[in-house]
Amino acid sequence: MTRIVLICVLLGALAGCGGGAKSTTLQVVASTNVYGDIARQIGGSHVTVTSILSDPNADPHLFEPGTKNGLAVAQARVVVQNGLGYDAFMSRLESSAPNDSRRVVTISDVLGIHGHDANPHLWYDVPQLPKIATAIEHALAEADPAQAADYQSGLRSFIKSLGPLQTTVAQIRANHAGAPVAYTEPVPGYLVAAAGLRNLSLSSFTLPIEAGSEPSASAVSAMTALASKHRIKVLFYNNQAVSPITQRVRAAADAAGVPVVGVAETVPAGLTFQSWQLKQARELLQALNG
């Protein structure tokens with residue numbers, strides 16, 4: 001009897017015990033709720049999505065997974081991860097629970113972006129979002145062919161819903177191409193490029209901040225000067241990687257009357273991926289319009 005109870009405790013999460021039914025939905029794990037929300041929208045009621053990183057107050061670069069995360073990956077039939085070292089913890093979780101039938105979507109591979117210096121914040125690349133979503137849909141359909149038609153329908157709906165975001169980015173490019181901006185971290189780098197803006201950020205500042213180290217005094221001085229001397233029209237500020245140094249740059253922008261647009265690395269509670277990105281894009285357009 002003791003042995004039966006122990007088995008129930010260990011396996012209850014997978015299939016239930018004492019007559020509970022095993023879930024028939026497709027188990028999906030995403031490294032962050034960015035990709036988790038996209039998978040959820042495409043998969044609908046056919047999928048159960050676990051997003052390992054969703055805390056808006058967490059710095060993704062410093063995240064360490066726990067045992068619960070390992071169990072989720074072990075059970076998953078589809079895994080979606082960013083790549084480029086951004087979510088390196090996923091490779092460790094997958095290696096600890098090998099599964100030849102598990103489908104792994106690595107977004108950097110989907111987009112063909114590689115290299116140590118590549119910007120890992122791929123979900124800010126608005127023109128590439130349909131390609132990202134399509135790769136996720138293909139993995140869902142391969143893992144669960146019986147629901148392929150519904151996954152294709154979910155993909156079409158998701159891509160259609162990107163219209164307002166794409167339109168806003170096009171408006172920024174049309175009205176403000178070449179406008180100088182800067183960011184405390186390269187989180188919105190792909191958005192800046194898609195909108196045709198001119199990035200004046202110093203890599204000697206942004207890269208140490210992204211790596212969790214401290215930039216030189218000269219780099220900090222040069223960054224604050226961009227705002228205090230009105231060399232930029234907007235400062236992007238990563239709300240999830242705040243430090244006294246980044247706060248100093250933001251304070252310089254506030255004092256100079258330079259608009260600050262907050263960006264983040266996970267989807268805030270109560271928003272979908274596309275509504276979150278649209279909100280940030282519209283804030284950017286408003287800031288540039290003055």
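Trainee: At roughly what angle do the axes of helix α11 and helix α12 cross?
Mentor: Happy to start there, and keep in mind that this is a predicted model. Helix α11 covers residues 217–228 and helix α12 covers residues 244–256. Their axes come within 8 Å, and they cross at roughly 20°.

Trainee: Is α11 roughly parallel or oblique to α12?
Mentor: The crossing angle is roughly 20°. Angles under 35 degrees count as roughly parallel. That crossing therefore makes α11, relative to α12, roughly parallel.

Trainee: How do the residues of the contact of α11 with α12 divide into nonpolar, polar and charged?
Mentor: Look again at the two sides, with V220 and M223 among the residues in α11, and I245 and R248 among those in α12. Counted by class, the contact has eight nonpolar, two polar and one charged.

Trainee: Now for the other pair: is α2 oblique or roughly parallel to α7?
Mentor: Helix α2 spans residues 33–43 and helix α7 spans residues 148–161, with axes 7 Å apart. They pack at an angle of about 120°. Angles of 65 to 115 degrees would be roughly perpendicular and those over 145 roughly antiparallel. An angle of about 120° therefore makes α2, relative to α7, oblique.

Trainee: Which residues in α7 meet α2?
Mentor: On the α2 side, the residues are I38, Q41, I42 and G43. The contact of α2 with α7 divides into five nonpolar, three polar and one charged. The α7 residues are D150, Y151, G154, L155 and F158.

Trainee: What do the buried residues of α10 pack against?
Mentor: Helix α10 runs over residues 203–211, and its buried residues include F205, T206, P208, I209 and E210. After α10 comes G212, with a positive phi near 80°. The buried residues of α10 pack against β5 (180–183), α11 and α12.

Trainee: Which residue's backbone nitrogen does the side chain of Q240 reach?
Mentor: Q240 sits in the loop between β7 (234–238) and α12. Its relative accessibility is 4%, so Q240 counts as buried. At 3.0 Å, the side chain of Q240 reaches the backbone nitrogen of T266.

Trainee: With which side chain does the side chain of Y86 make a polar contact?
Mentor: You'll find Y86 in the loop between β3 (78–81) and α4 (89–96). Y86 is buried, at a relative accessible area of 6%. At 2.7 Å, its side chain makes a polar contact with that of E265.

Trainee: Is L84 buried or partly exposed?
Mentor: L84 is in the loop between β3 and α4. Although L84 is not a glycine, its phi is positive, about 65°. Buried would need under 20% relative accessible area. L84 has 27%, so it is partly exposed.

Trainee: And H230, is that residue buried or exposed?
Mentor: H230 has its place in the loop between α11 and β7. Its phi is near 55°, a positive value in a residue other than glycine. The cut-off for exposed is over 50%. With a relative accessible area of 52%, H230 is therefore exposed.

Conventions: Residues are numbered from 1 along each chain as its sequence is written. This is a predicted model: local features need pLDDT of at least 70, side-chain atom pairs count only at pLDDT 80 or more; totals for chains, interfaces and linings use all residues. Side-chain values use heavy atoms; hydrogens and water are left out. Axes are lines fitted to C-alpha atoms, for helices over the stretch in contact, and angles run from 0 to 180 degrees between N-to-C directions. Helices (H or I, at least four residues) and strands (E, at least two) are DSSP runs, numbered from the N terminus. Contact means heavy atoms within 4.5 Å. Ala, Val, Leu, Ile, Met, Phe, Trp, Tyr, Cys and Pro count as nonpolar, Asp, Glu, Lys and Arg as charged, and the others, Gly among them, as polar. Buried means under 20% relative accessible area, exposed over 50%, partly exposed in between (1.4 Å probe, protein chains only). A polar contact is a pair of N or O atoms within 3.5 Å; within protein, one must be able to donate a hydrogen and the other to accept it, and residues adjacent in sequence count only if both atoms are side-chain atoms.
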